[in-house]
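User: I would like to go through this structure term by term. For each label, please set the value against its definition.

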Amino acid sequence: MGKILVMVAQRLALGLLTLFFVSLIIFLSVEMLPGDLAQELLGQSATPETVAAFRKQLGLDLPAHIRYLEWLGGIAQGDFGRSLANDREISGLIAGRLGNTLFLAGLAALISVPLALTLGILAALYRNTPFDRGINVFALTSVSVPEFFIAYILILFLAVQINWFPSISNIGPATDLFDRIYRSILPALTLTLVVVAHMMRMTRAAIINLMASPYIEMARLKGLSPRRVILRHALPNALAPIINVVALNLAYLVVGVVVVEVVFVYPGLGQLMVDSVSKRDITVVQACSLIFAATYVLLNLTADVLSILTNPRLLHAR
């Protein structure tokens with residue numbers, strides 16, 4: 001247990017260091033944008049005196065390193081600043097949108113993770129059969145098609161022609177749970193089709209890779225059925241790589257929802273980020289980018305810990 005705690009502390013420190021460099025990259029990327037932010041917000045008709053006063057109000061007259069440290073210090077205290085578009089607290093803007101994004105990602109995960117594991121185990125169990133080949137063709141097809149194209153195909157068939165689900169996911173704070181799930185089905189299905197192929201193929205590859213191990217051969221020689229060999233002997237030892245790919249795809253469900261949210265006009269963090277880019281609301285864009293990065297780092301840390309808990313041999317150098 002002590003080694004695991006040390007490993008968690010090391011991964012957490014590395015994650016915080018990664019977030020520090022990510023925040024630096026985000027800030028520098030904004031600094032390198034062409035044009036004057038104050039002039040863009042006020043318009044071309046603004047006088048130089050008004051622009052100068054507005055720059056001072058935004059703190060743009062301060063050196064870049066001072067502004068970066070103030071921004072980073074505010075984030076460390078939970079203060080993301082105020083929106084340039086509507087002068088509202090960014091933390092208040094993000095809170096509801098982040099909840100919607102996590103709800104959509106959670107709904108997609110509830111569908112995709114069991115489906116991917118089941119298909120991966122079945123593909124390994126019936127290896128080189130028509131079922132296995134069909135699943136692989138489906139996986140390669142879904143991986144090759146962009147998210148927005150899958151979204152429009154689902155809208156065409158399930159919303160326009162069959163009219164089972166709404167094409168726009170207009171949910172709000174007053175929307176009850178069942179209605180929220182119903183309105184989120186299409187974006188959740190889109191995300192499921194995008195991520196299920198990666199998890200399914202990794203599950204299949206991890207199990208097949210272990211099927212040549214000596215203990216698997218011994219289990220076969222004992223007369224155990226192929227189903228029992230895979231579920232009781234191969235799958236537990238294949239959990240480490242499977243957990244890693246599941247965690248990475250869960251991170252994608254949260255971080256990569258921007259396109260899907262825009263297509264379905266889903267009121268999540270990705271939609272807020274796109275709207276803020278169009279309004280040149282830089283402070284909100286910075287906050288959303290940092291939250292996405294923090295989510296990705298946290299899920300990677302969780303994947304490392306769970307992989308080692310399922311396979312303690314990873315603690316020791318080979």
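Predicted model: local features only at pLDDT ≥ 70, side-chain atom pairs only at ≥ 80, totals over all residues.

Analyst: Residues are numbered from 1 along each chain as its sequence is written, and side-chain values use heavy atoms, with hydrogens and water left out.

User: How many helices and strands does the protein chain have, and what counts as one?

Analyst: The protein chain has 14 helices and zero strands. Both are DSSP runs numbered from the N terminus: a helix is H or I over at least four residues, a strand is E over at least two.

User: What share of the protein chain is buried, and what does buried mean?

Analyst: Of its 318 residues, 41% count as buried. Buried means under 20% relative accessible area, exposed means over 50%, and partly exposed lies in between (1.4 Å probe, protein chains only). The accessible surface of the chain is about 17,200 Å², and 67% of that belongs to carbon and sulfur atoms; such areas come from the Shrake-Rupley method with a 1.4 Å probe, and for residues only the protein chains shown count as cover.

User: What makes Asp176 a cap of H8?

Analyst: A side-chain oxygen of Asp176 lies 3.2 Å from the backbone nitrogen of Phe178, at the N-terminal end of H8. A polar contact is a pair of N or O atoms within 3.5 Å; within protein, one must be able to donate a hydrogen and the other to accept it, and residues adjacent in sequence count only if both atoms are side-chain atoms. The 3.2 Å of the Asp176 pair is within that limit.

User: Why is Thr190 called buried, and what does its side chain meet?

Analyst: Thr190, in helix H8, has a relative accessible area of 0%, so Thr190 is buried. A polar atom of its side chain lies 2.9 Å from the backbone oxygen of Leu186. Leaving aside neighbours within four places in sequence, Thr190 is in contact (heavy atoms within 4.5 Å) with Glu147, Ile150, Ala151, Leu154, Val260 and Phe264.

User: What makes a group of residues a nonpolar core, and which residues touch the most other members of the largest one?

Analyst: A nonpolar core is a set of buried Ala, Val, Leu, Ile, Met, Phe, Trp, Tyr and Cys residues joined through side-chain atoms within 4.5 Å. In the largest, of 39 residues, Leu186, Leu191, Met199, Leu253 and Phe264 touch the most other members. Elements giving two or more residues to this core include H5, H8 and helix H11 (239-255). The largest share, 11 residues, comes from H8. Apart from this core lies another, of 19 residues, among them Ile94, Val284, Ala287 and Phe292.

User: Why is Asn100 buried?

Analyst: Asn100 has 13% relative accessibility, so it counts as buried. Asn100 is found in helix H5 (residues 90-125). Beyond its neighbours within four places in sequence, Asn100 is in contact with Ile171, Arg180, Tyr266, Pro267 and Gly268.

User: Why are Gly78 and Gly81 called partly exposed?

Analyst: Gly78 has a relative accessible area of 44%, so it is partly exposed. Gly81 is also partly exposed, because its relative accessible area is 24%. Gly78 lies in the loop between H4 and H5, and Gly81 is placed in the loop between helix H4 (64-76) and H5. The C-alpha atoms of Gly78 and Ser91, 13 residues apart in sequence, are 7.8 Å apart.

User: What makes the phi of Val265 and Asn128 worth noting?

Analyst: Most residues other than glycine have a negative phi. Val265 is not a glycine, yet its phi is positive, about 50°. Asn128, also not a glycine, has a positive phi near 65°. Val265 sits in the loop between H12 and helix H13 (269-278), and Asn128 in the loop between H5 and H6. At 43% relative accessibility, Val265 counts as partly exposed.
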